[in-house]
Amino acid sequence: MFGRLSVMLFKEFIQLRRDRWMMFRLIVPLFIQMVVFGYAATFTVHHVATAVLDLDQSQASRSLISHFVATSRFDIVDMARNQRQITRDIVHDRAVVAIVIHAGFSQDLESGRAAPLQVIVDGTNSNTALIALGYLSQITSQFSAEWAARAISLNVSAVRPETGIRLEPLPWFNEGLNERWFFIPGVIGTLTLLQVVSLTAFAVVREREVGTLEQIMVSPIRPFEFILGKTVPFFLIGFGDIALVTAFGLLWFRVPFVGDPLVMLGGSSLFLMAAVGMGLLLSTFSRTQQQAFALNFFLLNPFFILSGFAFPIAAMPRFLQWFTMINPLRYFLVVIRAVFLKGVGVDVLWPQLLALAALAGVMLTVSVLRFRKSLE
Amino acid sequence: MSASGGPAVLAEALTKKFGDFTAVDHLDLRIERGQVIGFLGPNGAGKSTTIRMLCGLLLPTSGRASVAGFDVGREPEAVREHIGYMSQKFSLYGDLTVRENLRFFGGIYRVRREDFAERMRFAISMAGLEGRQNALVHTLAGGWKQRLALGCAILHRPPVLFLDEPTSGVEPEARRQFWDLIHDLAAEHVTILVSTHYMDEAEYCNQVALIDRGTLIAMGTPSELRGHRLSGQLYELRCSPLGGALKALRGVTGVVEAAIFGDRLHVVLAENAPAGADIRRLLSEHGIQADLPRRIMPSLEDVFVQLVSRGAEHRVTA
């Protein structure tokens with residue numbers, strides 16, 4: 001068996017080495033995606049185009065506006081003179097947020113009453129709107145705290161001192177809530193899955209299309225020898241991917257790695273076994289490379305969305321949550337993020353590792369069983 | 001090695017169904033060792049399916065078969081060690097060199113190291129590829145690819161060789177060379193089963209099996225098939241237009257079969273058929289110009305045409 005397997009592997013690596021386009025496909029998209037995700041994939045909101053209608057024209061209203069300008073979150077693009085102008089700004093996409101300070105704003109503040117502040121938000125992009133509103137309320141509460149403090153120091157008895165609950169957030173593992181730290185480990189898993197599944201599937205289907213698969217199957221080779229020969233190279237390539245992208249994330253984006261590299265190694269092995277199993281399974285359902293491509297495209301998108309890469313699984317409806325259970329990426333993302341940022345080990349991650357092992361076992365077994373049948 | 005004695009290939013009531021479609025229907029076949037046997041039949045007759053079952057690529061729906069003394073269903077691995085297979089796709093790796101392809105297939109068949117160098121040299125000289133060992137296979141023309149594919153299929157010296165339409169898409173001269181190779185192999189007691197839809201190639205075979213719609217309709221040496229299978233005498237007739245003549249003759253008492261062969265008509269006449277001059281008169285009544293029919297030796301194609309149409313009639317009346 002060792003003889004035939006080494007013959008298969010030798011052949012596979014000659015073919016890989018000779019395929020210039022393949023080398024390009026292996027390396028370049030990884031870096032492009034890494035850069036794209038590293039720099040562009042962010043939920044942070046900066047420089048929101050903002051229109052302001054100040055009907056109070058007081059020292060207090062001007063002070064509030066300067067608070068907005070002081071952060072880089074909001075750019076004031078229009079000092080409007082009336083409500084119509086505000087509406088037009090929002091409709092014509094000149095502004096995403098409009099702040100209306102009504103007449104009597106400062107009077108209310110001076111006399112210790114709650115001063116209403118009107119905010120209009122373009123809800124088309126609900127995500128941006130939500131985040132901008134968050135910043136807005138942060139800035140206004142900061143403003144009112146300052147106002148209260150000043151009032152106390154001036155001994156204006158009408159103003160009550162701040163009471164109630166004050167939030168003192170202390171994020172663990174990622175104190176700065178740096179999104180890149182969240183995304184980069186996710187990108188490693190996602191890109192690797194994408195690449196390993198499609199490469200494995202295409203490699204098998206190509207042999208089917210050319211007829212070499214049939215030629216090999218009339219030889220005394222055993223199915224598992226062929227399958228190992230066809231998967232081990234992509235398993236190794238997957239490791240290369242993970243190592244490369246991890247190095248890039250650590251050195252270029254300075255993502256911390258506080259965990260045990262051995263846990264990472266083990267988790268990656270199980271994950272890659274599941275990925276080549278998935279590719280192999282996919283190949284047993286495809287006669288041509290075109291079919292494999294279509295199937296690949298059709299499947300990987302849901303696997304990506306339903307992985308917890310960007311959208312929290314807990315917020316998904318129950319039936320989609322069930323689906324995520326067969327998604328190896330879901331488990332690997334937990335493992336890889338935990339290893340990078342939390343530094344926890346097998347004692348915590350064993351359910352994910354076990355799930356990955358089970359998925360790998362099932363997918364490889366089913367594809368080996370289906371393999372002979374798929375020749376017909 | 002292979003179990004001695006007994007036929008090289010034996011099939012009993014071999015059947016393959018794909019859903020409702022019966023590709024091979026209770027096929028019985030017995031091929032003695034050292035024979036070159038031609039599988040002849042139109043596209044879709046079930047030639048490839050039969051070969052693929054004998055190689056263990058397809059599981060029969062029912063029936064059984066043995067190759068080189070091993071049962072295809074129960075000992076598939078032993079069967080695979082004793083056969084060579086080559087299909088019309090000449091399934092080689094285009095991105096590997098000639099030598100790399102040979103080394104790969106030699107490795108898959110576990111040809112022993114001490115034998116390999118000599119067998120590779122043999123395969124390369126057989127394919128006429130001396131000096132081009134390091135050429136990538138996709139740069140080779142069809143005839144070379146075909147002979148290299150054959151070389152790869154016999155690296156392990158199989159006693160039985162299956163060739164599924166090995167000459168399709170190859171130029172006539174390369175086809176001729178290929179058949180010389182097949183006869184060289186047969187001289188070394190390799191049993192060769194080769195399917196083709198070129199009728200002229202059947203003449204190169206020791207035995208010909210005619211296959212139509214999944215059944216074996218006749219089997220014998222080419223001269224046996226030509227001599228005994230035709231019910232009546234074969235005549236050749238130059239006439240014009242051909243289509244009209246065909247219509248006019250069919251149904252005439254004593255005309256067993258009429259078919260167009262190139263620019264003339266082949267007609268099989270029974271004892272009670274009209275004489276040549278009467279046929280000519282009959283055609284001219286239909287406005288058809290014709291020479292006197294000339295008696296000729298039947299080719300395999302004549303036999304095949306008659307057997308296939310007879311089979312079709314049986315199926316209609318059955």
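I started with a loop in chain A. A:Phe173 sits between helix 6 (126-153) and helix 7 (179-210) of chain A. I kept in mind that this is a predicted model.

**A:Phe173**

I looked up the backbone here. Phi of A:Phe173 is near 70°, a positive value in a residue other than glycine. I then asked how accessible A:Phe173 is. Its relative accessibility is 41%, so I noted A:Phe173 as partly exposed.

**B:Ala13**

I found B:Ala13 within strand 1 of chain B, residues 9-18. I logged B:Ala13 as partly exposed because its relative accessibility is 27%.

**B:Pro241**

Next I looked at a peptide bond. The bond from B:Ser240 to B:Pro241 is cis, and I read its omega as near -5°. Where is B:Pro241? I located B:Pro241 in the loop that joins strand 12 (239-240) to helix 9 (242-249) of chain B.

**Surface patch on chain A**

I turned to the surface. A:Ile27, A:Phe31 and A:Leu244 make up a nonpolar patch there. Together they have about 220 Å² of accessible area. I traced A:Phe31 to helix 2 of chain A, residues 20-39. Patch residues need over 30%.

**Interface of chain B and chain A**

How many residues does each chain bring to the contact? I noted 29 residues from chain B and 26 residues from chain A. The two chains bury about 2,600 Å² between them. Of that area, 54% is on carbon and sulfur atoms. I then asked which three residues of chain B supply more than any other three. They are B:Arg80, B:Tyr93 and B:Ile108, with 23% of the area that chain B buries against chain A.

I looked up B:Glu77, which forms a salt bridge with A:Arg222. Their closest N and O atoms are 3.7 Å apart. I also noted 12 residue pairs in polar contact across the interface.

Last, I sorted the chain B side by element. Helix 2 (76-81), strand 6 (83-87) and helix 3 (98-108) of chain B each supply at least two residues to the side that touches chain A. Helix 3 of chain B gives the most to that side, with 5 residues.

Definitions and conventions: Residues numbered from 1 in each chain as written. Chains lettered and ligands numbered in written order. Predicted model: local features only at pLDDT ≥ 70, side-chain atom pairs only at ≥ 80, totals over all residues. Heavy atoms only, no water. Patch = residues over 30% accessible without salt bridge, like charges linked within 9 Å, V, L, I, M, F, W, Y side chains within 5 Å. Areas by Shrake-Rupley, 256 points an atom, 1.4 Å probe, with all protein chains shown as cover. Salt bridge = Lys/Arg side-chain N within 4 Å of Asp/Glu carboxyl O. Helix = DSSP H or I, 4+ residues; strand = E, 2+ residues; numbered from the N terminus. Contact = heavy atoms within 4.5 Å. Buried area = accessible area lost by both parts, 1.4 Å probe. Polar contact = N/O pair within 3.5 Å; in protein donor to acceptor, adjacent residues only side chain to side chain. Buried < 20%, exposed > 50% of the residue type's maximum accessible area, 1.4 Å probe, protein only.
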